[in-house]
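I opened the structure and kept notes on what I looked up. The entries follow in the order I made them.

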Amino acid sequence: MLPKHTDVSVTAHGLHIPSCRKISPVLARIGDKWSILIVMVIADGPRRFNEIKRMVDGISQRMLTLTLRGLERDGLVTRTVYPTIPPRVDYELTPLGQSLRAPVIELGRWASEHMDEIEASQSAFDARGGIDRG
């Protein structure tokens with residue numbers, strides 16, 4: 001059987017990267033805007049669902065639920081239910097999730113520091129009619 005282009009490993013920047021097929025879902029999860037914002041919000045400790053919802057501007061209840069479920073499935077977040085009335089549910093980064101904390105916070109910092117440049121670039125592109133005439 002011949003390998004397909006998605007079945008091979010590559011080396012980039014001195015790092016061995018597993019096949020595209022294996023790494024793509026992981027990058028999709030941690031590269032999703034909601035996942036990044038949620039990781040940033042719970043990086044300093046456990047938070048309740050509604051607290052996360054208030055802190056992550058613009059996220060719907062359904063999207064928050066789906067994103068937290070995906071992060072939990074991937075082993076990045078734990079969900080703890082306390083037997084109170086009403087039940088209290090906390091979400092917290094796992095040790096694996098904590099290992100993602102520093103790069104995610106750095107990515108957020110980078111985005112914040114470069115927003116003016118990005119917005120200026122977007123405005124210039126849009127003013128040209130959205131076409132880069134190269």
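**Entry 1: the whole chain**

I began with burial and noted that, of the 134 residues of the protein, 24% count as buried (under 20% relative accessible area; exposed is over 50%, partly exposed in between, with a 1.4 Å probe and protein chains only). This is a predicted model, where local features need pLDDT of at least 70 and side-chain atom pairs count only at pLDDT 80 or more, while totals for chains, interfaces and linings use all residues. Residues are numbered from 1 along each chain as its sequence is written, and side-chain values use heavy atoms, with hydrogens and water left out.

I then looked up the surface: the protein exposes about 9,700 Å² (Shrake-Rupley method, 1.4 Å probe). Carbon and sulfur atoms supply 57% of that area.

Along the sequence they follow the pattern β-β-α-α-β-α-α-β-β-α.

For contacts (heavy atoms within 4.5 Å), I took those with a separation of 6 or more, and 40% of them come from residues 24 or more positions apart.

**Entry 2: the sheet**

I found an open sheet of three strands in the order S3-S5-S4, with antiparallel pairing (two strands pair if DSSP finds at least two bridges between them). Its edge strands are S3 (47–48) and S4 (77–82), each of which pairs on one side only. I noted as background that strands of a sheet pair through backbone hydrogen bonds, either parallel or antiparallel.

How many bridges join S4 to S5? I noted six, with the two strands running antiparallel. In this pairing Thr78 stands opposite Glu92 in S5. S4 and S5 also form a hairpin, with five residues between them.

On the other pairing, S3 and S5 are antiparallel over two bridges.

**Entry 3: the loop between S4 and S5**

I looked up Pro86, which is in the loop between S4 and S5. A cis peptide bond joins Ile85 to Pro86, with omega at about -10 degrees.

**Entry 4: Arg47**

I placed Arg47 in strand S3, where this residue stands opposite Tyr91 in S5. The side chain of Arg47 makes a polar contact with the side chain of Glu51 at 2.9 Å (a pair of N or O atoms within 3.5 Å; within protein, one must be able to donate a hydrogen and the other to accept it, and residues adjacent in sequence count only if both atoms are side-chain atoms). Not counting residues up to four places away in sequence, Arg47 touches Val41, Ile42, Ile52, Met55, Val89, Asp90 and Tyr91.

**Entry 5: Thr94**

Is Thr94 buried or exposed? I wrote down buried, because its relative accessible area is 11%. Thr94 is in the loop between strand S5 (88–93) and helix H5 (95–127). Leaving aside neighbours within four places in sequence, Thr94 is in contact with Gly75, Leu76, Val77 and Thr78.

Notes: Helix = DSSP H or I, 4+ residues; strand = E, 2+ residues; numbered from the N terminus.
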